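This briefing looks at two residues in turn and asks where each one sits and what surrounds it. Please keep the sequence and the structure in view while reading.

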Amino acid sequence: MTEERGVLYGLGVGPGDPELLTLKAARILNSVDIVYAAASTKNSYSLAVGIARPHIPDLTPVEMLHFPMSKDIEEKEAAWRSHAERLIGDVRDGKRVAFITLGDSMTYSTYGYVLKMIKRIAPEVPVISVPGITSYQAAAASLNDPLVEGEESMLLLSGAQGGDHLRAMATKPDTVVFLKAYRNTGDIIDALEESGRIEGSAGVSRCSLPEEEITHDIREFADRKPAYWTLIVSKKRS
Ligand SMILES: C[S@@+](CC[C@H](N)C(=O)[O-])C[C@H]1O[C@@H](n2cnc3c(N)ncnc32)[C@H](O)[C@@H]1O
């Protein structure tokens with residue numbers, strides 16, 4: 001056993017286009033002993049694995065960790081703990097381990113929950129987090145529209161519960177980005193209309209992938225539920 005060399009890398013692999021994976025992530029993927037990726041219990045396909053695959057040697061095992069899409073916090077915590085324990089076990093066995101995640105590892109990522117659990121139960125375990133290009137950075141590039149300039153500010157929100165996070169803001173920033181804009185899209189549209197910024201809003205689905213789709217009038221989402229891989233960028237228009 002080679003205990004000293006065990007380490008966990010939390011790798012962001014970018015939004016989809018394999019060329020948007022960093023050189024650092026590619027080098028690490030090429031050198032680790034095992035790769036883990038998140039899968040929901042409903043869907044075992046991981047887009048992150050597809051992106052990372054060309055950089056993972058054929059003999060390196062790739063394991064899926066199932067994260068329940070549940071509202072039950074105890075069920076979720078049990079999954080985070082059990083995955084954290086598995087990763088900790090591998091690192092203590094001297095393995096170099098990668099946990100890959102779509103986009104950036106530090107932005108609305110399952111890795112974040114596991115990382116917090118590892119810090120809580122085994123703070124001595126070496127962990128190196130490696131950032132990735134986020135979905136909304138890639139979306140801004142696809143839209144050819146800068147996210148923020150000069151003195152502008154930006155708000156990054158989860159749209160999973162709809163538009164209330166935006167409504168709660170007394171002062172609205174220049175740019176608002178909703179990730180997880182697939183479920184309560186109708187309420188997100190209402191919130192953007194209420195704050196007078198629907199005209200400056202665009203939806204980007206499967207950004208940076210060959211199936212990328214840009215929706216310039218996001219009111220269309222009211223009749224056609226967007227894909228899970230959808231975000232909304234909303235710019236204040238003067
Ligand atoms: C759990 S969050 C993960 C965010 C990711 N860690 C990042 O840095 O972009 C999942 C949400 O990210 C957004 N997303 C991720 N990849 C995307 C893509 N290629 N195109 C559009 N939206 C994407 C969608 O809003 C999706 O519902």
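Predicted model: local features only at pLDDT ≥ 70, side-chain atom pairs only at ≥ 80, totals over all residues.

S109 belongs to a loop, whereas T185 belongs to helix 7.

**S109: contacts**
- The side chain of S109 comes to 3.0 Å from the backbone nitrogen of Y111.
- When neighbours within four places in sequence are left aside, the residues in contact with S109 are T101 and D104.

- T185 is part of helix 7, which covers residues 185-194.
- With a relative accessible area of 3%, T185 is also under the 20% cut-off, and therefore it is described as buried.
- Between T185 and I73 there are 24 Å in space, taken from C-alpha to C-alpha, and the two are 112 residues apart in sequence.

**T185: contacts**
- The side chain of T185 reaches the backbone oxygen of A181 at 2.9 Å, and a polar atom of that side chain also lies 3.2 Å from the backbone oxygen of Y182.
- If residues up to four places away in sequence are not counted, T185 touches F221, P226 and I232.

Key. Residues numbered from 1 in each chain as written. Heavy atoms only, no water. Helix = DSSP H or I, 4+ residues; strand = E, 2+ residues; numbered from the N terminus. Polar contact = N/O pair within 3.5 Å; in protein donor to acceptor, adjacent residues only side chain to side chain. Contact = heavy atoms within 4.5 Å. Buried < 20%, exposed > 50% of the residue type's maximum accessible area, 1.4 Å probe, protein only.
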